[in-house]
Amino acid sequence: MTILDPAESPPSLARAIAQRTRGRPQGHATRLMSPADFGEILKPFVFLDLIDHEGAPFDGGLHPHSGIATLSYVVEGAVSYIDPDNVKGTLPAFGVEWMQAGRGMWHGGGLDQAGRTRGVQLWIALPPQLELGPTVSIHQSPQDVQEDGPARVLLGSYGSASSAIESPSPINYLAVRLKTGERWRYQPPAGHTVLWTAITSGVVSVPDELWHGDLAAFEPSSRAVEFEALTDAEFVLGSAVPHEHDLVVGHSSVHTSPDALRDAEAHIASIGRRMERTSGPVPQETIFRIESRFDHLAAVRLRQRLMVEETPRTILDFSHVENLDDAALPFLTVILTLLLRKGREVFLRGLRGHQLRVLEHLGIEVAAGGSAKIVEWDEASF
């Protein structure tokens, strides 16, 4: 443990917090960062979900990604996964899942056991040379994650510890645990002017106080940051050389250009069709988790994806949407009508009262449990 003399870090030299947030709930997680907000100033870090769930286990279903890498870290409990090769497994507490999507892949997962599950999922934007590259999938057991003092190295290196995962660009990502009163100092490597931290439990001082659920983005700089635990605390910290590219966002994809996004989404669709031909017995349920913004273009892409899967029951989860345009609801109505007329069960999650009222006005009624049906108008209704 590194114990620091307060005289070594005068308060006047503390690296300032540029912005902070407590995010917003998104289903089973709290979204602390997305490309529409902190992801733009902290790229290559573009999404960050803080998971703190207590209750029954659930299956998140298969869904695609491209142009990004995700790193999932479990703090408590366990999560299940289905990797791009259709291998199923369980990630225990302090385990790491690395999934580099490249040009496109499908994977899935969920919460593996009843009780409390805590963890963090980070999305990292890939550079142009990797965003249309091959898929990489790595799972690390807790003993495979190296430590230096209170820091577990999830990506990159710190002190004497390094991650076996090859980082797509110069990035450090650490998980740190401190006891009450302990202090720890992080000096970023040269060029790592992007720096942020998210508190997964307890309270720390930097010297501003940060509490469980806070995300803080520090000013661009090469200066160190010193943490003091005001209670027993856990937090994750990321630093990186800035990602000097645009963020072009799809449903579950982030690319550097519209052309790269179109190429990857076509590849994702082709994988989906191949999975349908080779998967054997058709699963009874598919969950589509709609991410980021849902507008006309997103509705068109969703329809394309839905038309290639034939499960009897489809769940459309809008809990993770940051911006759902009312103008897109007529297009959603068309999609729902097509599915229902084909005899498929459709359930909706995460829509608010106003959106549900608009859907009903357009001819789709959503019951309390989320099941959708076509409104049967009669003459008395007019």
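Biologist: Looking at contacts with a separation of 6 or more, what share comes from residues 24 or more positions apart?
Modeller: That share is 73% in this protein. Keep in mind that the model is predicted.

Biologist: Okay, and what is the chain built from, in helices and strands?
Modeller: The protein has 33 strands and six helices.

Biologist: How many residues are there, and what part of them is buried?
Modeller: There are 382 residues, and 52% of them are buried.

Biologist: What about the surface, how much of the accessible area belongs to carbon and sulfur atoms?
Modeller: Carbon and sulfur atoms hold 52% of an accessible surface of about 16,800 Å².

Biologist: Let's pick a sheet. In what order do the strands run in the open sheet of seven?
Modeller: Go S1-S22-S19-S24-S17-S14-S13, with antiparallel pairing. At the edges sit strand S1 (17-21) and strand S13 (147-148), each pairing on one side only.

Biologist: Zoom in on S19 and S22 for me. How many bridges do they pair over?
Modeller: Strand S19 (residues 194-201) and strand S22 (residues 215-218) pair over three bridges, in the antiparallel sense. To find one on screen, look for Thr197, whose bridge partner in S22 is Ala216.

Biologist: New topic: Ser252. Is this residue buried or exposed?
Modeller: Ser252 has a relative accessible area of 4%, so it counts as buried, the cut-off being under 20%. You'll find Ser252 in the loop between strand S25 (248-249) and strand S26 (254-255).

Biologist: Which residues is Ser252 in contact with, leaving aside neighbours within four places in sequence?
Modeller: Ser252 touches Pro64, His65, Ser66, Trp123, Arg289 and Glu291.

Biologist: Now charges. How many salt bridges does the count come to?
Modeller: The count is 13. One of them joins Arg116 and Asp52, with their closest N and O atoms 2.8 Å apart.

Biologist: Where do Arg116 and Asp52 lie, and how far apart in sequence are the parts they tie together?
Modeller: Arg116 is in strand S11 (residues 115-125) and Asp52 is in strand S4 (residues 45-55), so their bridge ties together parts 64 residues apart in sequence. Arg116 is partly exposed at 35% relative accessibility, and Asp52 is partly exposed at 32%.

Biologist: And what does Arg118 form a salt bridge with?
Modeller: With Glu76, where the closest N and O atoms are 2.9 Å apart. Arg118 lies in S11 and Glu76 in strand S6 (residues 68-76), so this pair ties together parts 42 residues apart in sequence. Arg118 is buried at 11% relative accessibility, while Glu76 is partly exposed at 28%.

Biologist: Which residues do shared partners join into one network with Glu76 and Arg118?
Modeller: Arg177 and Glu234 belong to that network too.

Terms used. Residues numbered from 1 in each chain as written. Predicted model: local features only at pLDDT ≥ 70, side-chain atom pairs only at ≥ 80, totals over all residues. Heavy atoms only, no water. Helix = DSSP H or I, 4+ residues; strand = E, 2+ residues; numbered from the N terminus. Buried < 20%, exposed > 50% of the residue type's maximum accessible area, 1.4 Å probe, protein only. Contact = heavy atoms within 4.5 Å. Areas by Shrake-Rupley, 256 points an atom, 1.4 Å probe, with all protein chains shown as cover. Pairing = 2+ DSSP bridges. Salt bridge = Lys/Arg side-chain N within 4 Å of Asp/Glu carboxyl O.
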